[in-house]
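Subject: A structure to look at

Hello,

Here is the structure I promised to hand over. Have a look at it first, and then read on for what turned up.

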Amino acid sequence: MPPRFSLALTQERQAQLNGSDSGALIVGNPTLSPELADEHKLETLEGAEAEATAIQTLLRASDDEVLLGDAATEQAVADRIHSARYLHFATHGLLLDKPRYSTIAGLLALAPSPDDELGEFTVQDILDLTQDAPLNAELVVLSACQTGTGEITSDGAFGLARAFLIGGAPSLVVSLRDVPDDATKDLMTVFYTELLETGDKAQALRQAMLTTMAEYPDPLAWGAFVLIGQP
């Protein structure tokens with residue numbers, strides 16, 4: 001998907017979605033499978049759970065629209081992902097050199113279930129879910145490590161971000177490196193506060209970075225996130 005084609009696609013999708021009054025799907029701090037946690041030395045993300053509940057309040061989302069801990073399984077995400085205007089994932093993101101179930105690197109950690117014992121929400125899972133039914137979300141936020149990276153090809157990085165673009169999302173907020181739990185919680189809270197006031201995703205992200213920088217001066221704490229697609 002060359003950049004010019006990506007821009008045209010996101011513009012088309014944004015026009016189709018204007019006026020949507022759907023709700024949200026907010027995922028925060030999924031329970032990690034022991035295998036995934038041990039293999040990648042992952043820890044519980046208390047900040048991500050606080051982030052999810054803060055965003056729930058800002059978006060006035062119902063409890064059914066928020067998946068925390070054990071409830072944040074792939075099946076629960078699949079059941080809700082097509083009906084949400086806002087998709088927010090506050091969890092671990094991984095970029096694997098040799099993915100187990102896909103030829104494309106990149107996954108989000110979700111809670112394990114009998115059908116998915118590792119809790120890996122892969123690029124291929126996203127492509128499969130949206131192949132016949134595109135997303136109705138006007139914004140996808142992947143509040144996790146390295147969600148904007150992927151396998152480098154002749155037309156850019158192919159990973160989680162590209163999968164959601166192909167799946168129909170006109171705008172994404174993704175990270176280009178590892179992100180800290182506490183600072184990310186603060187940044188995302190400011191981002192949604194500004195977005196709801198202005199409707200401008202780019203300006204909201206800029207203000208969130210400036211506000212977070214005042215509290216956490218190290219660029220590693222506030223400089224990882226970028227906006228892809230429509231502002």
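Contact here means heavy atoms within 4.5 Å. Please also keep in mind that this is a predicted model.

Which residues does Phe-89 touch, leaving aside its neighbours within four places in sequence? Phe-89 is in contact with Val-27, Val-77, Leu-108, Phe-121, Val-141, Leu-142, Ser-143, Ala-144 and Phe-164.

Phe-89 also belongs to the largest nonpolar core, which has 29 residues. Along with Val-77, Leu-87, Phe-121 and Phe-164, Phe-89 is among those with the most contacts inside this core. At least two core residues come from each of β1 (23-30), α4 (74-80), β3 (84-90), α5 (123-130), β7 (139-143), α6 (160-166) and β10 (171-175). Of these, α6 gives the most, with five residues. There is a second, separate core as well, made of 28 residues, including Ile-26, Leu-59, Val-173 and Phe-225. In soluble globular proteins, nonpolar side chains tend to be buried together.

Next, the helix pair. The axes of α3 (residues 46-59) and α7 (residues 181-198) come within 8 Å of each other and cross at roughly 10°. Angles under 35 degrees count as roughly parallel, and α3 and α7 are therefore roughly parallel to each other. On the α3 side, the contact is made by Glu-46, Gly-47, Ala-48, Ala-50, Glu-51, Ala-54, Ile-55, Leu-58 and Leu-59. From α7 come Asp-181, Asp-182, Thr-184, Lys-185, Met-188, Thr-189, Tyr-192, Thr-193 and Leu-196. Sorted by type, the residues of this contact are nine nonpolar, four polar and five charged.

Helix α7 itself has 18 residues and reaches 26 Å from its first C-alpha to its last, close to the 26 Å expected at 1.5 Å a residue. Its buried residues are Ala-183, Thr-184, Leu-187, Met-188, Val-190, Phe-191, Tyr-192, Glu-194 and Leu-195. After α7 comes Gly-199, with a positive phi near 75°.

One last stop is Glu-46, in helix α3. Is Glu-46 buried or exposed? With a relative accessible area of 66%, Glu-46 is exposed. Leaving aside its neighbours within four places in sequence, Glu-46 is in contact with Asn-29 and Asp-181.

Enjoy exploring it!

Best wishes

Conventions:
Residues numbered from 1 in each chain as written. Predicted model: local features only at pLDDT ≥ 70, side-chain atom pairs only at ≥ 80, totals over all residues. Heavy atoms only, no water. Axes fitted to C-alpha atoms, helices over the stretch in contact; angles between N-to-C directions. Helix = DSSP H or I, 4+ residues; strand = E, 2+ residues; numbered from the N terminus. Parallel < 35°, antiparallel > 145°, perpendicular 65-115°, else oblique. Nonpolar A, V, L, I, M, F, W, Y, C, P; charged D, E, K, R; others polar. Core = buried A, V, L, I, M, F, W, Y, C linked by side-chain atoms within 4.5 Å. Buried < 20%, exposed > 50% of the residue type's maximum accessible area, 1.4 Å probe, protein only. Expected span 1.5 Å × (residues − 1).
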